[in-house]
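Have a look at the fold before reading on.

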Amino acid sequence: MVKPKTEEEIELLRENAIIVSKTLAVVGRAVAPGVTTNKLNRLAETFIRDNGAIPSFLGYDGFPAALCMSVNDTVVHGFPSDYALKEGDIVSVDCGTLYKGYNGDSAYTFPVGEVSAEVARLLKVTRQSLFEGIAQAVDGNRTGDIGHAVQSYCEAAGFSVVRELEGHGIGRQMHENPGVPNFGHQGRGARLSDGMTICIEPMINAGGRGVYLARNGWEVRTADRKPSAHYELTVVVRKGKPEILSTFDYIEGKVEF
């Protein structure tokens with residue numbers, strides 16, 4: 001059994017979620033051809049610390065940066081570097097914070113300039129699949145209901161779901177139970193209950209679902225070298241309708257800050 005969070009804990013998670021959401025917006029404003037992923041990482045770390053939080057990815061099991069910066073065929077856990085983004089690239093930015101003893105975690109995949117129609121479709125479908133999964137995060141459902149919603153939506157569009165990686169619970173630890181796969185069967189998996197806090201994060205490939213681990217032991221890349229997209233939000237399981245703590249509204253210009 002996974003212990004639900006108290007309302008006080010949920011408020012602390014919400015504070016983290018907003019810091020992470022704003023950090024991703026700051027990064028997104030700077031994404032452009034010619035900008036290095038190292039520069040984006042520095043912007044994020046400065047913003048996180050200026051807001052009183054700690055970049056929780058930095059040093060996590062030896063990870064060397066504040067952000068995971070995954071370009072094109074890198075699915076997740078990419079290292080920031082001196083690589084200068086190019087027109088037509090995509091970059092998945094995954095961000096975590098530690099604030100008041102609790103964690104925040106969210107991700108967004110940004111197009112760099114103009115991308116191809118098929119890559120734009122990959123981003124659109126992956127983003128929407130996240131919300132298809134979130135809709136299933138209600139009391140009494142199971143993690144398989146979330147995974148099934150993501151999988152069926154993406155596969156119907158001709159894309160593939162990465163199966164080696166999954167979403168997770170979140171709280172005082174960045175990664176808590178339950179695991180939240182992006183594939184599965186309805187009515188199976190861990191039962192969801194009111195007050196549980198989870199991160200749902202589809203990782204969807206334009207080509208096949210095969211991936212491999214790079215030599216640095218972190219970066220996960222597509223086996224066929226085709227692009228992959230990744231979106232993530234923090235959600236509270238509720239009765240009837242889930243509550244979303246993090247948001248893409250700052251990134252997408254719907255809310256100013």
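This is a predicted model: local features need pLDDT of at least 70, side-chain atom pairs count only at pLDDT 80 or more; totals for chains, interfaces and linings use all residues.

## A helix over a sheet

Which strands does H3 lie across, and at about what angle does H3 run to E13? H3 lies across E10 and E13, and runs at about 35 degrees to E13. Contact here means heavy atoms within 4.5 Å. Axes are lines fitted to C-alpha atoms, for helices over the stretch in contact, with angles going from 0 to 180 degrees between N-to-C directions.

Residues are numbered from 1 along each chain as its sequence is written, and side-chain values use heavy atoms, leaving out hydrogens and water.

## The sheet with E10

E10 belongs to an open sheet of 3 strands, ordered E6-E10-E13 with antiparallel pairing. Strands count as paired if DSSP finds at least two bridges between them. At the edges sit E6 (160-161) and E13 (228-230), each pairing on one side only. E6 and E10 (residues 203-205) are joined in the antiparallel sense over 2 bridges, and Val161 stands opposite Ile204 in E10.

## H3 against H4

H3 also has a helix to pack on. H3 (residues 117-134) and H4 (residues 143-156) pack at about 150 degrees, their axes 8 Å apart. That makes the two helices roughly antiparallel, a label for angles over 145 degrees. The crossing of H3 past H4 is right-handed, which is to say the near helix is turned clockwise from the far one by less than a right angle.

Who meets whom? On the H3 side are Val125, Gln128, Ser129, Glu132 and Gly133, and these meet Ile146, Ala149, Val150, Tyr153 and Cys154 in H4.

## The sheet with E12

Another open sheet of 3 strands runs in the order E3-E12-E11, again with antiparallel pairing. E3 (74-76) and E11 (211-213) stand at its edges with a single partner strand each, so one side of each has no neighbour in the sheet. On average, neighbouring strands here are turned by 40 degrees against each other, direction ignored.

E11 and E12 (residues 220-222) pair in the antiparallel sense over 3 bridges. Leu213 has Val220 in E12 as its bridge partner.

## Charged pairs

The structure holds 13 salt bridges, each a side-chain nitrogen of Lys or Arg within 4 Å of a carboxyl oxygen of Asp or Glu. One of them joins Glu176 and Lys5 at 3.1 Å, N to O. This pair links distant parts of the chain, 171 residues apart: Glu176 is in strand E8 (residues 176-180), and Lys5 is in the segment before helix H1 (7-30). Lys5 is buried at 13% relative accessibility, while Glu176 is partly exposed at 21%. The cut-offs are under 20% for buried, over 50% for exposed and in between for partly exposed (1.4 Å probe, protein chains only).

Arg49 and Glu45 meet at 3.0 Å, N to O, and being 4 residues apart in helix H2 (residues 37-50), they are separated by about one helical turn. Both are partly exposed, Arg49 at 42% and Glu45 at 22%. Glu155 and Arg163 form a salt bridge too, with their closest N and O atoms 3.9 Å apart. Shared partners also join Glu7, Glu11, Arg14, Arg238 and Glu243 into one salt-bridge network.

Conventions: Angles under 35 degrees count as roughly parallel, over 145 as roughly antiparallel, 65 to 115 as roughly perpendicular and the rest as oblique.
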